[in-house]
Amino acid sequence: MSFVGDAHVRFIRKLNEKKETFEYVATEHLRMSGLYWGLCALDIMGTPLSQEEIDGFVQWILSCQNEDAGFGGSPGHDSHLLYTLSAIQLLAILGHLEDLHNPERVAQYVAALQHPDGSFGGDRWGEIDTRFTYCAACCLGLLHHLELINVDQAVEFLRRCMNIDGGFGSCPGAESHGGQIFCCVGALAIFNRLDALDQDLLGWWLAERQTDLGGLNGRPEKEPDVCYSWWN
């Protein structure tokens, strides 16, 4: 059996055409990330886009930017780190990162979400999660403005989220989870601070995630899920 790439490309393209369906309307709040997942897949498969398609995507992405310089999941939605990162990544994939309106202000929006303890909130409402540290690191790394944040404090916050099993949770004291580990290791790599890891212990924890079926789970005693073949 072989992978039928053309069929998968058609499947992804059709997702953006079904604009009258309930599913399309119900997922409006995360459309920015959905567009990232779709275009990232097409880019990996080497699928070319027409200039008209590129221009349309860039115009839509920029229409999601708010007065605070952050991006929402769709036009008119509140800014959030998750969608700000997806917007920056999309513009980079499309070769139009230079079209980002006032990148210094975007970087300042991201930096302002850092708390005194080094953590990052996802938005102005202040939810804390190690995912958001990763999002901030990615945003500022792509925009070349890591100097705007306290990297040492961010690293210390991540260290406080590390558990005795070598893994990381969403916040200090939270259970180790494959997705959170991906985010924490990714952020430390961007910060050039992989020395903060217990690499042997973490490697053991990740290896233990393989089940008898061959797949990987995200935490002990859970069923395997293909998403953890990526996160782990």
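Start your tour by selecting helix α5, residues 81–93: 10 of its 13 residues are buried, so the rest of the structure largely encloses it. Buried here means under 20% relative accessible area, exposed over 50%, and partly exposed in between, with a 1.4 Å probe and protein chains only. Helices are DSSP runs of H or I with at least four residues, numbered from the N terminus.

Before you click on, know that this is a predicted model, where local features need pLDDT of at least 70, side-chain atom pairs count only at pLDDT 80 or more, and totals for chains, interfaces and linings use all residues. Residues are numbered from 1 along each chain as its sequence is written, and side-chain values use heavy atoms, leaving out hydrogens and water.

**Stay on α5**

Colour its buried residues, among them Leu81, Tyr83, Ile88 and Leu91. They pack against α3 (31–44), α4 (51–63), α6 (103–111) and α7; contact means heavy atoms within 4.5 Å.

**Zoom in on Leu81**

What does Leu81 touch, leaving aside residues up to four places away in sequence? Its partners include Tyr109, Leu113, Phe120, Phe132 and Cys139. Leu81 is also one of the residues touching the most other members of the largest nonpolar core, which has 58 residues. Such a core is a set of buried Ala, Val, Leu, Ile, Met, Phe, Trp, Tyr and Cys residues joined through side-chain atoms within 4.5 Å. Now show helix α7 (residues 130–143), which gives the most to this core, with nine residues.

α3 and α5 pack at about 30°, with axes 9 Å apart. That makes α3 roughly parallel to α5, since angles under 35 degrees get that label. Axes are lines fitted to C-alpha atoms over the stretch in contact, and angles run from 0 to 180 degrees between N-to-C directions. At the meeting place, look for residues including Met32, Tyr36 and Leu39 from α3, and Leu82, Ser86 and Leu90 from α5.

**Jump to α9 and α10**

Select residues 178–190 and 199–207: the axes of these helices, α9 and α10, come within 12 Å and cross at roughly 145°. Gly178, Ile181 and Val185 in α9 meet Leu202, Trp205 and Leu206 in α10.

**Last stop: two loops**

Most residues other than glycine have a negative phi. Ala69, in the loop between α4 and α5, has a positive phi of about 85°. Glu221, in the loop between α10 and α11 (227–231), has a positive phi near 70°. Which one is buried and which exposed? Ala69 counts as buried, at 1% relative accessibility, whereas Glu221 counts as exposed, at 78%.

Technical notes: Expected span 1.5 Å × (residues − 1). Parallel < 35°, antiparallel > 145°, perpendicular 65-115°, else oblique.
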